[in-house]
Amino acid sequence: MRFPFLFVARGCKAVPRLQQSQFPSPLSALPRYQRISVLAHLCKDERSYFITTPIFYVNASPHLGHLYSAVIADCLHRYKLLQGFNSKFATGTDEHGLKIQQAAEAAGKDPLTFCTDVSERFKHLFSSCNISYTDYIRTTEQRHRQAVEHFWSVLWNKGLIYKGSYEGWYSTQDESFLTPLQVGDAVDSSGKQIKVSLESGHQVEWMKEENYLFRLSAFQTQLLDWLKGNPQAIQPERFYQTVLQWLQHDTPDLSVSRQRSRLQWGISVPNDPEQTIYVWLDALVNYLTVAGYPDKHDQWWNVAHHIVGKDILTFHAIYWPAFLLGAGLPLPQTIYVHSHWTSGGRKMSKSLGNVVDPLQRSQMFTTDGMRYFLLRQGVPDSDCDYTDRKVIRLLNAELTDSLGGLLNRCVAPALNPTQVYPSFCPEFFPREQGGRAVAEDYHMLDAVKNLPAVVEQHFESIHVYKALEAITVCVRQTNAFVQRHTPWKLDKSNSEEQRWLDTIIHVSLECLRIYGTLLQPIVPEISDKLLSRLGVQSGERSWATLNFLPRYQGMDCPFEGRALGSDSGVLFSRLENENVDKQKPTKAQKAAKQK
Ligand code: MSP
């Protein structure tokens, strides 16, 4: 069994097998993040992880909010891979339902052709933005139809679905049933009085139909017990509390089908061709389909984590767990909830004309630029307003100036004419103070040493922005370290001064190696560029290799004396024009939009 590359004590060679290892410290002596990684590699097959995005409606083209859901999931997937997990990452498109049926009609296309066209646009966006999914599901696929039919039959055979009649409000845009308290009055563009969903603002209609109902009311207590026993099941905490509140009220039985005469575009109820399965039941089962349901789903289904926007929390935190409990299946381990991106202070919508096109923006600001912005500025707990100006300011400050500037300084031929990872000299940085390093330098070492654990903790609660904040603070500290010791002023003809200069650069490159490794889930291209420039090989970029400054611990550093990688230009080019929001689109932007 292979174990990952590890740093070993001075004089020892890295060994390929743990059983034969002369590795000096027992596993328990390693920091938590390293222990996890080593264990993850040892038990690779058992350490599975399954992350999903919601599947996206194909009634319109992808917008920034969709990319946000996908980028969060991609970040967690990449992070788990770095930790040595066997990770599966599923995304896809939600293609059935009245809303899609109507959109296809309006476009004058048959529904499947219409769905294929829009689904391809999502795929294109995701591949352009390095969304590294391992499965892409479309609800119109045969494998999904089989899973839904099977799931329905299980619920039916258990007596959890019965024929009844439903009367109440329905929003086609949200594909959702509403209670009278969730509905309000409004006036449409022609001045007509209408009823709308108070939450989404979408028009609702009164619906009275014979259909099938699911015994949701029977699950209220079990849902409460599940949540009380699993306070981490819904994160962030704020949304966990919201769901607990919802469950204080009754959960009436849920209509889970529509009459075929009203809805043709969907999966028929098994043994009743007059009824079509409710699009949300159909859609939620996608998570099981990609896990391999009904034949072989245990490996993935036991370790499922969902990313969802706050608008679809009820479906995921109440309906979905109730369906799963009914079907006798395990519940998801975590439902990660994020808030929304607004534009001009308002929810993005086609009619308001404030939809931000993620493809165009990733062409303008680069893919990694957009990924960084969304994860650095997006706060899961509350809505955020998007402006191009914010993107430019943030990326220039943190990627171009701070991180890029630090790299530039440390690899500049003037300071590093031999282009190697220079040596660390312990006399300048003794374990106890008293060398040339000062108190702030030791604080920085502590901060960078603890950084992987801090980042891990924030990733685990999808507070990626906090992880990025912590990295940014450390980058700033490293810049201050270089600034404080002004290595460019040291006399290179004096050997002691040269060794001190080398030590400053060695410490800074070690910091950069840690930042580059930790940033891989967020900005994979920039991290690759950074690590390649430092000469860090692909097998040296996992969580297990995050051993910061081993020479300070008296251990070997495999990079010391190694040639740096070739210079492939600046890390992140400065973006021009911070007043971009006030300007008309440029020709390039217009052209990008037309593509
Ligand atoms: N098809 C359903 C999900 C079914 S999952 C079994 C759906 N689709 S959606 O296309 O409307 O939304 C997909 C995701 O995008 C949701 O998580 C939603 O919250 C997210 N976003 C849509 N608009 C958003 C913003 N303006 N900002 C951030 N995310 C938002 O719901």
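These questions and answers explain how some labels on this predicted model are reached.

Residues are numbered from 1 along each chain as its sequence is written, and side-chain values use heavy atoms, without hydrogens and water. As the model is predicted, local features need pLDDT of at least 70 and side-chain atom pairs count only at pLDDT 80 or more, while totals for chains, interfaces and linings use all residues.

Q: What is the average pLDDT of the protein?
A: pLDDT is the predictor's confidence in each residue, from 0 to 100. The protein averages 89, and 89% of the residues score at least 70. Over residues 1–45, pLDDT is below 50. That stretch still has 80 contacts beyond near neighbours in sequence (contact: heavy atoms within 4.5 Å). Residues 583–595 are also below 50, with 8 such contacts.

Q: Why is Cys 511 called buried?
A: Buried means under 20% relative accessible area, exposed over 50%, and partly exposed in between (1.4 Å probe, protein chains only). Cys 511 has 0%, so Cys 511 is buried. Cys 129, at 1%, is therefore buried as well.

Q: What is the span of helix H2 set against?
A: Helices are DSSP runs (H or I, at least four residues), numbered from the N terminus. The expected span is 1.5 Å times one less than the number of residues. H2 covers residues 64–82, 19 residues in total. Its C-alpha span of 27 Å is close to the expected 27 Å.

Q: How many residues of H2 are buried?
A: The count is 18 of 19, so H2 is mostly covered.

Technical notes
Helices (H or I, at least four residues) and strands (E, at least two) are DSSP runs, numbered from the N terminus.
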